[in-house]
Amino acid sequence: MLPKLNLFFLLIVLLVCVEAGVRIYVTDTPTEKIGSRLYKKELLTNKFVDPKELSYDSSSRNLYFMHMDDVIQNSGRAFVNIITKEATKINGIARNKATAVDQDTGDVYFGSDNGLYKYNPLLIEAFNIGLYNMNILKIVIRNNEMYVIDANSHKIYKIFHQGSKAIRVGNMKAVLEFDVDYHKNIHYVSMCGVYCAINGDEIVKNKDLSAVYHFISDEYVTFGVTEDGLYEIDCFNGTAKHVANLSFFPRSIIFGDYGDIFYSVENSIYRLKPISSYTVYNIRRKGT
């Protein structure tokens, strides 16, 4: 018999066979294991339908996203504070398709079928600022530069002067998904496969992957999320190495502060926080 403990604070969350015994990790919350890393799993909100296009602002600790809104009968915008878990809807756009935060300035941008919008936190509203003839499917802001996919042409454009000017990047065609890493390489997916445009120029096709559903980048590595899990992508060699299985298939996934991961599935958004220390019990089998 176990001693009288509050079982809410004693969740056996992972059983792994280790040689002749069983290793049990005991934590006070649900966890998620990705590769060799163990994370605390925390629900941020489940109040929105089909949340995706996550984008995080480190200064305000707000996680921005788009969702299906019953009131406007289309895609809307909102954010949830990862500390208080208070969620707020953002007004100002009838049809939202893309979300991005400039990590250097804290400015928040949204894309729609009639151009680029910028968020005003004082009014809790987004206002159209340019690119009126573009149907913006996705926005990426990195290295003090903004890139978008125009859904009309499925080509990537670099944006200047907060939306007053757009210049096509490279010869990338039929782009469905993309990211820009910290070395200014553009990772993208088209109908023909997975590619990397080195410094936005020389295009290398990936030999190991035919499809990627999400790219996530930190300062050193870019990963691709596939049906088989997480792959580390080598842009220059055009190769990919499987590094972890995923027990979930995210609608959207990004990195946060200090190794955090944010992802959405169905109607929920979760935060994965790295566990640096935990209690391990090794239970030996009889006769060993």
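Student: What does Lys 89 count as at 40% relative accessibility?
Tutor: This is a predicted model: local features need pLDDT of at least 70, side-chain atom pairs count only at pLDDT 80 or more, and totals for chains, interfaces and linings use all residues. Residues are numbered from 1 along each chain as its sequence is written, and side-chain values use heavy atoms, with hydrogens and water left out. Buried means under 20% relative accessible area, exposed means over 50%, and partly exposed lies in between (1.4 Å probe, protein chains only). Because its relative accessibility is 40%, Lys 89 counts as partly exposed.

Student: Which side chain does Lys 89 meet in a salt bridge?
Tutor: A salt bridge needs a side-chain nitrogen of Lys or Arg within 4 Å of a carboxyl oxygen of Asp or Glu. Here the N to O distance is 3.3 Å, and the partner of Lys 89 is Asp 69.

Student: How many residues apart are Lys 89 and Asp 69?
Tutor: Strands (E, at least two residues) are DSSP runs, numbered from the N terminus. The salt bridge joins the side chains of Lys 89 and Asp 69. Lys 89 sits in strand β8 (residues 87-90) and Asp 69 in strand β6, so the pair links distant parts of the chain, and the two are apart by 20 residues.

Student: Is Asp 69 buried or exposed?
Tutor: The cut-off for buried is under 20%. Asp 69 has a relative accessible area of 9%, so Asp 69 is buried.

Student: Which residue does Asp 257 meet in a salt bridge?
Tutor: Asp 257 is itself buried, because its relative accessible area is 16%. Its side chain meets another one with N to O at 3.8 Å, and that partner is Arg 61.

Student: How far apart in the chain are Asp 257 and Arg 61?
Tutor: Their side chains meet in a salt bridge. Asp 257 is in the loop between β25 (252-255) and β26 (261-265). Arg 61 is in the loop between β5 (49-57) and β6 (62-69), and the gap is 196 residues.

Student: Which strand holds Asp 179, the partner of Arg 142?
Tutor: The side chains of Arg 142 and Asp 179 meet in a salt bridge, at 3.2 Å from N to O. Arg 142 lies in strand β13 (residues 136-142), so the pair ties together parts that are 37 residues apart in sequence, and Asp 179 lies in strand β17.

Student: How many salt bridges are there by this rule?
Tutor: Some are linked: Glu 42, Lys 85, Asp 260 and Arg 271 form a network of salt bridges. By the rule, the count comes to 12.

Student: Which cysteine forms a disulfide with Cys 196?
Tutor: A disulfide is a pair of cysteine sulfur atoms within 2.5 Å. A search of the whole structure finds 1 disulfide. Its sulfur atoms are 1.6 Å apart, and the partner of Cys 196 is Cys 235.

Student: Is the link of Cys 196 and Cys 235 left-handed or right-handed?
Tutor: Both cysteines are buried. The angle about the S-S bond is -75°, and the link is left-handed.

Student: Which element gives the most to the lining of the largest cavity?
Tutor: On a 1 Å grid over the protein atoms alone, a cavity is a set of points where a 1.4 Å probe fits but cannot get out, and lining residues have an atom within 4 Å of a point. The lining includes Cys 196 and Cys 235. The elements that give two or more residues are β19 and β23. With 3 residues, the most comes from β19.

Student: How much space lies in the largest cavity?
Tutor: Grid points are joined across faces, edges and corners, and a volume is the space filled by probe spheres set on the points. The structure holds 1 cavity of 30 Å³ or more. The space in the largest cavity is about 40 Å³.

Student: With which side chain does the side chain of Thr 222 make a polar contact?
Tutor: Thr 222 lies in strand β22 (residues 222-226). Thr 222 counts as buried because its relative accessibility is 4%. A polar contact is a pair of N or O atoms within 3.5 Å; within protein, one must be able to donate a hydrogen and the other to accept it, and residues adjacent in sequence count only if both atoms are side-chain atoms. At 2.8 Å, the partner of Thr 222 is Ser 217.

Note on methods: Helices (H or I, at least four residues) and strands (E, at least two) are DSSP runs, numbered from the N terminus. On a 1 Å grid over the protein atoms alone, a cavity is a set of points where a 1.4 Å probe fits but cannot get out, and a pocket is an open set with protein on both sides within 12 Å along at least five of seven lines; lining residues have an atom within 4 Å of a point.
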